[in-house]
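The sequence and coordinates are shown first.

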Amino acid sequence: MTFKKDIQNIDDIKILVDGFYKKIREDDLLAPIFFKIISTDWQPHLDKMYLFWNAALFGIRGYTGNPFLKHSTLPIRQELINRWLQLFNETCDANFFGEYAENAKWRASIMAEVFLKKIGSNVENQTKSIL
Ligand code: HEM
């Protein structure tokens with residue numbers, strides 16, 4: 001059995017992010033959505049995600065962006081969110097174990113929930129009356 005360490009620094013974040021988006025690029029559900037926006041060069045997106053997770057997990061400045069706005073035009077729905085989280089959690093668990101790894105999965109799930117509630121096209125939102 002290989003001993004897994006926790007996510008400790010930006011090099012670990014790169015392992016997580018690179019592994020995760022490799023799975024995304026091979027995924028039948030999610031790949032088409034990403035390829036519409038990122039057709040060939042994934043490195044700028046990966047670089048941005050390294051900075052995002054570095055800020056989210058370690059509070060290190062560097063990420064500037066608005067994830068909510070970026071996702072507001074995407075066809076976010078429960079099935080896609082489930083797959084996204086599944087691939088993210090799988091990548092995390094395959095490489096890391098510990099407090100920061102748990103924190104990364106937790107943060108991803110919170111953001112996923114917000115995306116789904118605020119911009120999702122889930123049936124519940126469409127049928128719920130606002131009054
Ligand atoms: C169904 C689920 C999701 C899909 C299809 C999706 C898709 C995308 C796509 C296509 C981009 C590139 C946008 C662009 O450059 O214009 C992006 C960026 C990003 N995504 Fe997601 N995403 C999903 C869920 C999540 C979740 C749960 C998180 C939480 C960690 C997340 C975090 C981000 C961040 C931080 C960016 C960079 C935003 C920026 O440009 O500053 N995404 N996503």
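## A buried aromatic pair

Tyr 21 counts as buried (under 20% relative accessible area; exposed is over 50%, partly exposed in between; 1.4 Å probe, protein chains only), with a relative accessibility of 4%. The model is predicted, with local features requiring pLDDT of at least 70 and side-chain atom pairs pLDDT 80 or more, while totals for chains, interfaces and linings use all residues. Residues are numbered from 1 along each chain as its sequence is written, and side-chain values use heavy atoms, leaving out hydrogens and water.

The structure contains 12 aromatic pairs (Phe, Tyr or six-membered Trp rings with centres within 6.5 Å; planes under 30 degrees apart are stacked, over 60 edge-to-face, the rest tilted). The rings of Tyr 21 and Phe 34 are centred 5.9 Å apart with planes at 70°, so this pair is edge-to-face. It joins distant parts of the chain, 13 residues apart: Tyr 21 belongs to helix H1 (residues 10-25) and Phe 34 to helix H2 (residues 31-37). Helices are DSSP runs (H or I) of at least four residues, numbered from the N terminus. Phe 34 is also buried, at 15%.

Phe 35 and Trp 42 form another edge-to-face pair, at 5.6 Å between centres and 75° between planes. Phe 35 is partly exposed at 33%, whereas Trp 42 is buried at 6%.

Arg 25 lies over the face of Trp 42, 5.0 Å from the ring centre (the criterion is NZ of Lys or CZ of Arg within 6 Å of the centre and within 35 degrees of the ring normal). One aromatic cluster includes Tyr 21, Phe 34, Phe 35 and Trp 42.

Conventions
Helices (H or I, at least four residues) and strands (E, at least two) are DSSP runs, numbered from the N terminus.
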